[in-house]
Amino acid sequence: MNYATVIANRLNVNQRQVEKTIELLEQGATVPFIARYRKEATGGLNEVQIAAIRDLLLRLKELDKRREAILASIEEQGKLTPELRQQIEATESMTDLEDLYLPYRPKRRTRATIAIEKGYEPLADAIMSGKWKNESGKTTEEDLQYARDIIAERISEDAVVRNRVRNVFRRKAMLTSTLARGVDENDEKVGKFESWIDWKEPISKAPSHRILALFRGEDAGVLKVHVRPDDDEDCIAACSGLSGKAGISRDSAEQLQLAIADSYKRLIMPSIETEFRNLLKEKADREAIRVFAENLRQLLLAAPMGQKRTLAIDPGFRTGCKVVCLDAQGQLLHNETIYPFTSVREERAAINKLEALVEAFQIEAIAIGNGTAGRETEEVVQRCHFNRKVIAVSVSEAGASVYSASDVARREFPDYDVTVRGAVSIGRRLMDPLSELVKIDPKSIGVGQYQHDVDQKMLAESLGDTVESCVNSVGVELNTASRELLSYVSGIGPALADKIVAHRNKNGAFADRAALHDVKGLGDKAFEQCAGFLRVRESANPLDRSAVHPERYALVEKMAASVGSDVETLMKDKELRSRIVLADFISGDCGLPTLQDIMKELEKPGLDPRAKFEVFEFDKNVTRFEDVQEGMVLPGIVTNITAFGAFVDIGVHQDGLIHVSQMANRRVNDPSEVVHLHQHLKVKVLEVDQRRHRISLTLKGIE
């Protein structure tokens, strides 16, 4: 199989671009590296396109591996004809490949194999020929049943028949769910799925979140889900062949019709239904994972506050609020616990303590976890009188407890308990969400949709790609980055990240990018892949602070020399840069796209692509669920985006939902067209459901 041709056709990409991308991937290049530093080779393909080529290439290789195994199996049986080999070698679909193999697949003992053992194959052949007649009624019903069993299996293994039935399923299959047999409607677990009892819709219209909800209900034992056409007529007709031909005997036609109906109901329908269930599940998984990955991207690329001395609070009522003080680099300086909710005296003591800590550690920002007691803790902070300007920010706690109990946290803070670690995580994620959140399993960050129901391997791969993309788009400071952050840099991974950190701990800070060559185990290939994404702020070479790759340093020096300058002066002087004629520096492997990227970096070296940080405040009069009233217009933060809407934190420990139908005065197909994660917005309360503890919000009608 010519992989490049197949991929180019399927993805509608130029074949030459695909060939060069495959070549780079086979050489061990990563997606971010290819997208950023090999634009001339790929014709400017972006990360999404390159990842799609990579993924399809892997699937085609798996197809070829399976093809080889099937050919070997059939050949071993002595049944591989030239025509069959040609069919198998020509197919580009795993489904078609398995259909061709089905008649030759080693079988367990079936009704058909039993009938063959009993000698009924000649009778089956005679009936299928269309000439058989039951002369004088000598053939018994038992004989005919055995023959029909053989015919039914043959029909079920016919690739043409199976494809005809698939076509009917594609056009007419319905997704239906009913209450599972034996389940009491009043059972407590039924409540979560009551909306889906007696549900029915065409599979072509079923959205991913509903598919996953129905399958979850089935896994819980509450629902019974089917994926099949309403009636069998069209499918049975699709299985018919010989029975309708001219000249066929009436006896043959009668037996064939019986065999066809049996073949469909007993063998084909369950098999094709399973196939379509799997296809629906895969479609739903891919959509849910896409939504999750996009949410994760927005979360990781949320605006960082930057390096400010921070006091972080992990709130709690009875157990108190854990307080930590961090320096501008996020290092732990101090920790203790305050108890502002146990008595008036303790509240006053807590306020005094916070005021003293802010002064003692010259605190510039306070990060307050948004979980239990979060809003109440905000009120306590608001009653403090600080002698300096301090911003207070509510920070998502999602995943903080997972981090605090992890091996990563134990390595960082072996002498502190989980409460201290959790508070540190809250503070650090305000300073730099990306650097802190990469330490947490993405599934635990709280921005997914049915993340525990989807294909876990597919989910892990997609989220891994997303984190890698985010880390490399921002760039990483080599001398301060954690092991976890470094492990996502192009070409590094966990093992090399450990070696880099160990080298840094032993020998001190890296003086420049070139010093990476001193790390044991980091060869030329790894250096090529990672160097452009790493920053060394204190390096004597100003290009080490930028995204310009070391392979282009000599080129930049020539560009500087062409206008009578050195590199550092060129980076500072816009007028000098404007005099550079890019066309003079185009070469075989360096075209205009790379030169334009270099000029952007010279103008703003190491520019952080993330948005500017903004302080957000909830409505001070709405702190509990009971405070929320219909018609209120409240400030909120988007915390999660799903296929059916967006969840918004309005500061009452219960996120409200803006259903997709309430997002605009027009049809919205994808909520991410209207809102983005961590967006600050105004929402109107549409409905408050006290019984189910739900809040419905709208973006309509807000002046």
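Glutamate 347 is partly exposed, with 21% relative accessible area. In this predicted model, its side chain forms a salt bridge with arginine 383, at 2.7 Å from N to O. The search of the whole structure finds 60 salt bridges; a few of them are described below.

- Arginine 383 is partly exposed, at 39% relative accessibility.

**Arginine 10 and glutamate 92**
- A salt bridge joins the side chains of arginine 10 and glutamate 92, with an N to O distance of 3.9 Å.
- This pair links distant parts of the chain, 82 residues apart: arginine 10 is in helix H1 (residues 3-11), and glutamate 92 is in the loop between helix H6 (82-90) and helix H7 (94-101).
- Arginine 10 has a relative accessible area of 41% and is partly exposed; glutamate 92 is partly exposed, also at 41%.

**Glutamate 568 and lysine 572**
- The side chains of glutamate 568 and lysine 572 meet in a salt bridge of 3.9 Å, N to O.
- Both residues lie in helix H26 (residues 567-572), where a spacing of four residues is about one turn of the helix.
- Glutamate 568 is partly exposed at 31% relative accessibility, whereas lysine 572 is exposed at 66%.

**A salt-bridge network**
- Salt bridges link Arg36, Lys39, Asp597 and Glu601 in a network.

Technical notes. Residues numbered from 1 in each chain as written. Predicted model: local features only at pLDDT ≥ 70, side-chain atom pairs only at ≥ 80, totals over all residues. Heavy atoms only, no water. Salt bridge = Lys/Arg side-chain N within 4 Å of Asp/Glu carboxyl O. Helix = DSSP H or I, 4+ residues; strand = E, 2+ residues; numbered from the N terminus. Buried < 20%, exposed > 50% of the residue type's maximum accessible area, 1.4 Å probe, protein only.
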